[in-house]
Amino acid sequence: MDYNEDLTRRIRTALKIFPEIFEEKKMFGGLAFLYKGKMTVGPIKARLMVRVRDAKMASELAKPFVEPMDFTGRPMKEFIYVLPEGYQSEEQLHYWITLGLEHAKQKLNES
C-alpha cells in the first residue's frame, strides 16, 4: 500500500478518543477509516484524504494546505486532500477526523 505509516499510526491513536467505532479498509491505493461503512478519513501517500459535506466544501477548500482530491484526474465530489502542513498538530488531525465523521453521519441519516 502506498500510504504514510506515521500518519496511519496517528489516525489510529486519534480515533481511540472518539466514542464511535471505526473500521479500516484498503481503498484508493491507501487506507480508509470508515464509520458504519461510510468513509471518513484516510492516508493516501503523505496526504490525508477527508470526506466533507457538500455545504462545507468551498470553505474547507479555501483553507491553506487543502486541495480537491483528484484521484481520477478531476475533482471528486465531497473529497479533499490535506497536505502534511495542514495536519501537523493533533488538534488539526482531530479537526479533520471530526469533519469526516460528520460527513459519514450525514450520509447515514440520508439513507
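**Figure 1. The charged end of K105 over the ring of Y35.** In this predicted model, the charged end of K105 sits over the ring of Y35. The distance from the charged end of K105 to the ring centre is 5.8 Å. That falls inside the limit, because a Lys NZ may lie within 6 Å of the ring centre.

**Figure 2. Aromatic pairs.** How many aromatic pairs does the model hold? The count comes to three. F22 and Y35 form one of them, with ring centres 6.1 Å apart. Their planes make an angle of 50 degrees, and the pair is tilted. F22 belongs to strand β1 (residues 22-27) and Y35 to strand β2 (residues 30-35), so the pair ties together parts that are 13 residues apart in sequence. Both F22 and Y35 are buried. Y95 and W96 form another aromatic pair, and this one is edge-to-face. Here the centres are 4.9 Å apart and the planes 75 degrees apart. Y95 counts as partly exposed because its relative accessibility is 34%. W96 has 5% relative accessibility, so W96 counts as buried.

Figure 3. Strand β3 covers residues 38-44. Six of its seven residues are buried, so the strand is largely enclosed by the rest of the structure. β3 pairs with β2 in the antiparallel sense, over three bridges. Across this pairing, Y35 stands opposite K38 in β3. The two strands form a hairpin with two residues between them. K36 lies in the turn and has a positive phi of about 50 degrees. β3 also pairs with β4 in the antiparallel sense, over four bridges. P43 stands opposite L48 in β4. This hairpin, too, has two residues between its strands. There, K45 takes a positive phi near 55 degrees.

**Figure 4. The largest nonpolar core.** This core has 25 residues. Which of them touch the most other members? They are I11, L48, V50, I80, V82 and W96. The elements that give two or more residues to the core are helices α1 (5-15) and α3 (90-110), together with strands β2, β4 (47-51) and β6 (79-82). Helix α3 gives the most, with six residues. V82 touches R47, L48, V50, F65, V66, Y87 and W96, leaving aside residues up to four places away in sequence. Another core, of nine residues, lies apart from the largest one. Its members include L34, M39, I44 and M69.

Figure 5. The whole structure holds 11 salt bridges. In one of them, the side chains of E90 and R10 meet, at 2.9 Å from N to O. This pair links distant parts of the chain. E90 is in helix α3 and R10 in helix α1, 80 residues apart. R10 has 11% relative accessibility, so R10 counts as buried.

Figure 6. The side chains of R51 and E78 meet in a salt bridge, 3.5 Å from N to O. R51 lies in strand β4, while E78 lies in the loop between β5 (66-68) and β6, so the pair ties together parts that are 27 residues apart in sequence. R51 and E78 are both buried. R51, E78, K107 and E110 are linked in a network of salt bridges.

**Figure 7. The salt bridge of K56 and E102.** K56 forms a salt bridge with E102. Their closest N and O atoms are 2.9 Å apart. Why does this pair tie together parts that are 46 residues apart in sequence? K56 lies in the loop between β4 and α2 (57-61), and E102 lies in helix α3. K56 is partly exposed, with a relative accessible area of 28%. E102 also counts as partly exposed, at 27% relative accessibility.

How values were computed:
Residues numbered from 1 in each chain as written. Predicted model: local features only at pLDDT ≥ 70, side-chain atom pairs only at ≥ 80, totals over all residues. Heavy atoms only, no water. Phe/Tyr/Trp six-rings, centres within 6.5 Å; stacked < 30°, edge-to-face > 60°. Buried < 20%, exposed > 50% of the residue type's maximum accessible area, 1.4 Å probe, protein only. Lys NZ or Arg CZ within 6 Å of the ring centre and 35° of its normal. Core = buried A, V, L, I, M, F, W, Y, C linked by side-chain atoms within 4.5 Å. Contact = heavy atoms within 4.5 Å. Salt bridge = Lys/Arg side-chain N within 4 Å of Asp/Glu carboxyl O. Pairing = 2+ DSSP bridges.
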